[in-house]
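Please look over the sequence and the model first, and then read the points below, which are grouped by topic.

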Amino acid sequence: MLRAVGWARSIPVSYGVRAARTWTREHLESLPWTADAPETVDAILVTVSELVTNAHVHARSPAQLVLTWDSHCLHVSVSDEDAHLPAPRDPSTTATSGRGLAIIDALSDTWDAHARHGGKAITACFRPPGGPDPHDGRPLSG
């Protein structure tokens, strides 16, 4: 039986990324696997920072942050009011931005961006170490 839990919060531009990270960390502490997976927790927090920053800076809108644990993946989803779907880019070594999606790609197990009414959402999936692969149901190797 699949049991899911989730949390949602709007992060106004005035609150900033720190509020999103603190809120996320508090909810992660309620999940049984996070105490044994500090690297995954750190990856989730960096991803939240990147996605909320993108919503605030590029979309100039509040970020709707949703965390969902479905016993296979922790899904981190951030929606904003900009309908433009982002695409990964290869920034120059002197660029001061443009690395967010590359960071999310490196840290998460999977991610996607999709249009939604009035904007877009970017969702990244994080599996706990040794947890089942949500795409094939078999335990992860390694």
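What pLDDT does the protein average, and what share of the residues score at least 70? The average is 86, and 82% of the residues score at least 70, where pLDDT is the predictor's confidence in each residue, from 0 to 100. This is a predicted model, in which local features need pLDDT of at least 70 and side-chain atom pairs count only at pLDDT 80 or more, while totals for chains, interfaces and linings use all residues. Residues are numbered from 1 along each chain as its sequence is written, and side-chain values use heavy atoms, with hydrogens and water left out.

**Confidence**
- Over residues 137-142 the pLDDT stays under 50, and for this stretch the model has 10 contacts beyond four places in sequence, a contact being heavy atoms within 4.5 Å.

- Strand β1 (residues 5-11) pairs with β2 in the antiparallel sense over 7 bridges, and R9 has L65 in β2 as its bridge partner; helices (H or I, at least four residues) and strands (E, at least two) are DSSP runs, numbered from the N terminus, and two strands pair if DSSP finds at least two bridges between them.
- β2 also pairs with β3 in the antiparallel sense, over 6 bridges, and W69 stands opposite L74 in β3.
- The hairpin formed by β2 and β3 has 4 residues between the strands, and in its turn S71 has a positive phi of about 75 degrees.
- In a regular strand the side chains alternate between the two faces of the sheet.

**The largest nonpolar core**
- The largest nonpolar core has 28 residues, of which I44, L65, L74 and V76 touch the most other members; such a core is a set of buried Ala, Val, Leu, Ile, Met, Phe, Trp, Tyr and Cys residues joined through side-chain atoms within 4.5 Å.
- At least two residues of this core come from each of β1, α1 (16-28), α2 (38-57), β2, β3, α3 (100-107) and β5, and α2 gives the most, with 8 residues.
- Not counting residues up to four places away in sequence, L74 touches several residues, among them L28, W33, I44, L67 and F126.

**The disulfide**
- A search of the whole structure finds 1 disulfide, a term for a pair of cysteine sulfur atoms within 2.5 Å.
- C73 and C125 form this disulfide, with their sulfur atoms 1.8 Å apart, and the pair links distant parts of the chain, since C73 is in the loop between β2 (63-69) and β3 (74-80) and C125 is in strand β5 (residues 119-126), 52 residues apart.
- Both C73 and C125 are buried.

**Salt bridges**
- The structure holds 2 salt bridges, each a side-chain nitrogen of Lys or Arg within 4 Å of a carboxyl oxygen of Asp or Glu.
- D80 in strand β3 and K120 in strand β5 are 40 residues apart, and their side chains meet in a salt bridge (2.8 Å, N to O), with D80 and K120 both buried.
- The side chains of R127 and D109 meet in a salt bridge as well (3.5 Å, N to O); R127 lies in the segment after β5 and D109 in the loop between α3 and β4 (110-116), so this pair ties together parts that are 18 residues apart in sequence.
- R127 counts as buried because its relative accessibility is 15%, whereas D109, at 36% relative accessibility, counts as partly exposed.

Definitions and conventions
Buried means under 20% relative accessible area, exposed over 50%, partly exposed in between (1.4 Å probe, protein chains only).
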